[in-house]
Amino acid sequence: GTVDIGPYEFQAPASLISYAWLQQYGLPTDGSADTTDSDDDCLNNWQEWRCATDPTNASSVLRLLTPLPVANDVNVSWQSVVGVSYFLERSTNLAASPAFTPRATNLVGQLGTTTYTDTNAVSAEPFFYRVGVGD
């Protein structure tokens, strides 16, 4: 008395992105929008979803701003979203393996921008920074 329709019972979601998030921005849930850069800000929709930025607004993007040296420190700022957890890494040699080392984790995003002061950032070599979204 039971009908089994086979593999159609367990179809995996087509998109790796939250369907609610995609629908909020009018994006398709079939996976076709996941790697598309809807607002031409150099982040695809999956990256925008991870960063909690708006995929329809090019000014809403995770972007590192120009680091500012202050005495022996460097103030590193980035565009951020309230409540998102970020990490910051630094390198003096991009050819090294690994190139970047952690400077800070669990940095909670602030409205507009978040700033981290990299203390005792003294070196004859240049510093390279990158910011990312934590888990």
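Predicted model: local features only at pLDDT ≥ 70, side-chain atom pairs only at ≥ 80, totals over all residues.
I take two strands as paired if DSSP finds at least two bridges between them, and strands (E, at least two residues) and helices (H or I, at least four) as DSSP runs numbered from the N terminus. Residues are numbered from 1 along each chain as its sequence is written, and side-chain values use heavy atoms, without hydrogens and water.

Entry on the sheet. I looked up Glu89 and found that its bridge partner in β4 is Pro102; strand β3 (residues 85-91) is joined to β4 by five bridges, and the two run antiparallel. I then traced an open, antiparallel sheet of three strands in the order β4-β3-β6. Because β4 (101-108) and β6 (128-133) each have a single partner strand, one side of each is left without a neighbour in the sheet.

Entry on salt bridges. I searched the whole structure for a side-chain nitrogen of Lys or Arg within 4 Å of a carboxyl oxygen of Asp or Glu, and three salt bridges came up. Glu89 pairs with Arg130, their closest N and O atoms being 2.5 Å apart, and this pair links strand β3 to strand β6 across 41 residues.

Asp118 forms a salt bridge with Arg90 at 2.7 Å between the closest N and O atoms, and another with Arg103 at 2.6 Å, N to O. Arg103 lies in β4 and Asp118 in β5, so this pair ties together parts 15 residues apart in sequence. Through shared partners, Arg90, Arg103 and Asp118 join into one network.

Entry on burial. I call a residue buried under 20% relative accessible area, exposed over 50% and partly exposed in between (1.4 Å probe, protein chains only). Asp118 is buried at 0%, whereas Arg103 is partly exposed at 28%.
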